[in-house]
2 protein chains.
Amino acid sequence: MTDSFLHLKDIFNRTKEAIVDFMGILEPAIKNAKDEHERLYFHHIYEEEEHRSDRLQELLPKLDTFIEYPTNQHMGNPEFIHVLQDISLEKFGLHNFLEHLDLALFQFKDTEHINRLQQLRDMTFEDYQETKRILQELNEQFDGAASKGGSVPMDEKEDVKEALKIEMYTDGAASANHQSSIHAQTHFIKKGLTVGSLKK
Amino acid sequence: MTDSFLHLKDIFNRTKEAIVDFMGILEPAIKNAKDEHERLYFHHIYEEEEHRSDRLQELLPKLDTFIEYPTNQHMGNPEFIHVLQDISLEKFGLHNFLEHLDLALFQFKDTEHINRLQQLRDMTFEDYQETKRILQELNEQFDGAASKGGSVPMDEKEDVKEALKIEMYTDGAASANHQSSIHAQTHFIKKGLTVGSLKK
């Protein structure tokens, strides 16, 4: 259990640093946006990640407390249940970051940022898979307490229409064969599709 | 207090219905996207709102419990503190929805959805302002317990560079003069800027 929390602490610290990098790439895009739509778009993504960083900032010291006092880790402690649920929300946060990075891989395709973005993407993909594994273990250990509404991305839900999912994020792609999922994502990124206007 | 919770219940039920409407507009945009970038973009916004709907689905029965048993509403009850913090996160959720709707007002500018989007936008703007007012009261009543990391959008933070904010979302615009903020948003929407590619 404490090992799980130590591992999650690493992941959350790492993604928090990644947010700083990502925000650094987005900042000039906001400032130099060519119109109000583009400015709002980059501002919006930046703000969502800034928000995630605030949440992590609040969660990390709580993880530390439970690492330091492992006897507080039990189902009778409401604070512990709440931390498990917060971790569960940050699982969704990692999935969401993955999508922000994939969108950025399109938007910054021909810029100097592409290699760094790809590194952040690959790291986040691994960290998301690992967080899912840890949460599954925590749920088995604590009767499903580490689950909260909104912690499962719709890509991984069975009752969501397939046409609305993105295949590379579905559980099948991620768990069945890690290599093929890496292949799928590389294929997706390398397709080199024309990025047109998002206006309908 | 119970009045505040009843009011919040109305707002959260209303925005939950608005999410369904919004997802209905996005669904064909995902299915008929002209390339993988556009598909990922609409999928991403859809998924974030679907996630928010799941969170609200979990929060609403908790509000009901505290409305039914008002004596449980006290600082010694950890569940009550958690609900206050969950409400605080949903305040950010409303701000985020506002930005999703503003982005959609650009993207669906010349479509049959524009009037409905504008209605949803206006409603969400009002509901966000009202939620902020209610949370301020709850924080005054319960020693700031209704605040959580990540509940304040960076548009309203003092330590964020002005160049990264969107003026119509800043506190000054929203609180100083309601009419002028409505005017600002109408001006923003009516500007009719050319929506180009988001590629850098």
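This is a predicted model: local features need pLDDT of at least 70, side-chain atom pairs count only at pLDDT 80 or more; totals for chains, interfaces and linings use all residues.
1. E27(A) pairs with K31(A) in a salt bridge, and their closest N and O atoms are 2.9 Å apart. Both residues sit in helix α1 of chain A, four residues apart, which is about one turn of the helix.

2. E27(A) also has a partner in the other chain: its side chain meets that of K161(B) in a salt bridge, with 2.5 Å from N to O. Side chains of opposite charge can pair when their charged atoms come close.

3. How much do the two chains touch? On the chain A side, 66 residues are in contact with 68 residues of chain B. Together the chains bury about 6,500 Å² between them, with 58% of that area on carbon and sulfur atoms.

4. Polar contacts turn up across the interface of chain A and chain B too: the rule finds 31 residue pairs, with both residues at pLDDT 80 or more. Which elements give two or more residues to the side of chain A that touches chain B? They are α1 (2-31), α2 (36-68) and α3 (78-107) of chain A. Of these, α2(A) gives the most, with 18 residues. Sorted by class, that side of chain A has 27 charged, 23 nonpolar and 16 polar residues.

5. Now for how the chains are arranged. Chain A superposes on chain B by a rotation of 180° with 0.0 Å of shift along the axis, and the RMSD is 0.0 Å. That is the relation of a two-fold axis. Why do the copies meet through the same surface? Because 100% of the interface residues of chain A are also interface residues in chain B.

6. One last stop, in chain B, is helix α4, which covers residues 114-141. Its 28 residues, at 1.5 Å a residue, should span 40 Å, and the end C-alpha atoms are 40 Å apart, so the two values agree. Just after α4(B) comes D143(B), a residue with a positive phi of about 50°.

Key: Residues are numbered from 1 along each chain as its sequence is written. Chains are lettered from A and ligands numbered from 1 in the order in which they are written. Side-chain values use heavy atoms; hydrogens and water are left out. Contact means heavy atoms within 4.5 Å. Buried area is the accessible area (1.4 Å probe) that two parts lose on being put together, summed over both. A salt bridge is a side-chain nitrogen of Lys or Arg within 4 Å of a carboxyl oxygen of Asp or Glu. A polar contact is a pair of N or O atoms within 3.5 Å; within protein, one must be able to donate a hydrogen and the other to accept it, and residues adjacent in sequence count only if both atoms are side-chain atoms. Ala, Val, Leu, Ile, Met, Phe, Trp, Tyr, Cys and Pro count as nonpolar, Asp, Glu, Lys and Arg as charged, and the others, Gly among them, as polar. Copies are superposed by least squares on the C-alpha atoms of residues with pLDDT of at least 70 in both. The expected span of a helix is 1.5 Å times one less than its number of residues.
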